[in-house]
Amino acid sequence: MTAASASQQNSVRKLRTLFISDVHLGSKAAKTDYLLDFLRHHEAETIILVGDIVDGWRLKRSWYWPQPCNDVVQKLLRKARKGSRIIYIPGNHDEFMRDFPGVHFGGIEVAQRHMHKAADGRTYLVLHGDEFDVVVRNARVLAYLGDWAYDMAIAINIGLAAIRRRLGMPYWSFSSWAKLQVKHAVNFIGEFQKVVADEARRHDAQGVICGHIHHAVIEDIGDIRYINTGDWVESCTAIAEHHDGRMELITWHRMRGGMIEVEASDEAERMLAHILAPQAA
């Protein structure tokens with residue numbers, strides 16, 4: 001073993017469980033390079049994919065599947081072959097996977113929900129969370145319009161980030177800021193958290209782990225520990241369970257000490273044109 005490979009092996013964190021959601025493979029916004037780097041530096045006995053790993057909505061509109069998307073899938077399959085248990089809980093963007101409950105794909109199990117028992121004895125209900133989003137559940141057209149608007153926000157985000165980088169300014173997510181302002185205005189996040197926590201109580205769980213709203217947090221809502229895994233299109237976050245049951249929120253680009261690399265401004269223009277073209281047709 002070379003000194004470099006020994007150093008890399010020593011830098012790998014050994015964890016009991018990893019929770020990852022909202023990767024959105026098939027979207028140009030997916031931070032596949034950061035996720036691959038994260039997976040190289042973390043090993044876990046169990047990896048739970050908490051929905052929206054593949055972005056079926058965007059792939060239906062236009063196919064986009066570059067090599068890094070394959071690399072993420074292969075990395076997960078390799079971890080399964082090496083002994084990690086991997087559970088895939090589909091979300092609304094990869095809802096086609098819900099037709100295969102209990103089926104194994106290369107060692108990856110598909111489940112609608114999962115009851116996770118942590119090392120400290122606390123039980124967590126694990127689900128994506130879209131079933132508690134009124135817009136997604138009852139107004140699919142509005143959900144698709146919101147998804148298109150989010151694409152536009154990501155395109156704007158890329159352009160602004162490129163300008164800020166050239167000016168030597170730190171990374172700042174316009175799309176995350178805009179989304180947070182809107183959802184705070186309608187009190188969406190707080191209501192979502194409350195409803196999901198209530199669902200955990202109904203299942204006699206002490207906590208809940210979900211994704212869907214791209215707002216990573218660990219907090220207590222009454223007697224329920226509410227955990228949201230965040231996403232890998234903006235914040236690059238995951239939840240790690242240590243061997244004593246302690247839950248840690250990891251923001252990978254901060255831990256690695258660098259800014260999220262963004263596309264050049266000309267790519268932002270191409271992406272924005274691609275988004276707007278169907279609307280003008």
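I started with β1 and β2, which pair in the parallel sense over seven bridges. For pairing I went by DSSP finding at least two bridges between two strands. Helices (H or I, at least four residues) and strands (E, at least two) are DSSP runs numbered from the N terminus. Within this pair, I48 in β2 is the bridge partner of F19.

Ground rules next. I am looking at a predicted model, where local features need pLDDT of at least 70, side-chain atom pairs count only at pLDDT 80 or more, and totals for chains, interfaces and linings use all residues. Residues are numbered from 1 along each chain as its sequence is written, and side-chain values use heavy atoms, with hydrogens and water left out.

**Entry: the seven-stranded sheet**

I traced an open sheet of seven strands with mixed pairing, in the order β4-β5-β3-β2-β1-β11-β12. β4 and β12 (247–251) stand at the edges with a single partner strand each, so one side of each is left without a neighbour in the sheet. I also checked β3 (residues 85–88) against β5 (residues 108–110): they run parallel and are joined by three bridges. There, I86 stands opposite I108 in β5.

How much of β2 is covered? It is mostly covered, with six of its eight residues buried. My cut-offs: buried is under 20% relative accessible area, exposed is over 50%, and partly exposed is in between (1.4 Å probe, protein chains only).

Helix α2 lies across β1 (13–20), β2, β11 (237–241) and β12, and runs at about 145° to β1. Helix α4 (residues 67–81) lies across β2, β3, β4 and β5, at about 110° to β2. Axes here are lines fitted to C-alpha atoms, for helices over the stretch in contact, with angles from 0 to 180 degrees between N-to-C directions. Contact means heavy atoms within 4.5 Å.

**Entry: H41**

I found H41 in the loop between α2 (32–40) and β2 (42–49). H41 counts as buried because its relative accessibility is 12%. Leaving aside neighbours within four places in sequence, H41 is in contact with S11, V12, R13, W252 and R256.

**Entry: the five-stranded sheet**

I got a second open sheet, of five strands, ordered β6-β7-β8-β10-β9 with mixed pairing. Its edge strands, β6 (114–117) and β9 (217–221), each pair on one side only. Neighbouring strands of this sheet are turned by 25° against each other on average, direction ignored. β9 and β10 (residues 224–228) run antiparallel and are joined by five bridges, and D220 stands opposite R225 in β10.

**Entry: positive phi**

Most residues other than glycine have a negative phi, so I noted the exceptions. H24 has phi near 60°; H24 sits in the loop between β1 and α2 and is buried at 4% relative accessibility. C236 has phi near 55°, lies in the loop between β10 and β11, and is buried at 0%.

**Entry: salt bridges**

My rule was a side-chain nitrogen of Lys or Arg within 4 Å of a carboxyl oxygen of Asp or Glu. The count by this rule comes to 14 salt bridges.

Which residue forms a salt bridge with E241? R16 does, with the closest N and O atoms 2.9 Å apart. This pair links distant parts of the chain, E241 in strand β11 and R16 in strand β1, 225 residues apart. E241 is buried at 0% relative accessible area, while R16 is partly exposed at 22%.

D37 and R40 meet in a salt bridge at 3.9 Å, N to O. Both lie in helix α2, three residues apart, about one turn of the helix. D37 is buried at 14%, whereas R40 is partly exposed at 37%.

R113 and E131 meet at 3.2 Å, N to O. R113 is in the loop between β5 and β6 and E131 in the loop between β7 (123–126) and α5 (134–138), 18 residues apart. I saw that R113, E131, E199 and R202 are linked in a network of salt bridges.

**Entry: a nonpolar patch**

F100, V103 and F105 make a nonpolar surface patch of about 230 Å². Patches take residues with over 30% relative accessible area and no salt bridge, joining like charges within 9 Å and nonpolar side chains (Val, Leu, Ile, Met, Phe, Trp, Tyr) within 5 Å. Areas come from the Shrake-Rupley method with a 1.4 Å probe, and for residues only the protein chains shown count as cover. F105 lies in strand β4 (residues 104–105) and is partly exposed at 36%.
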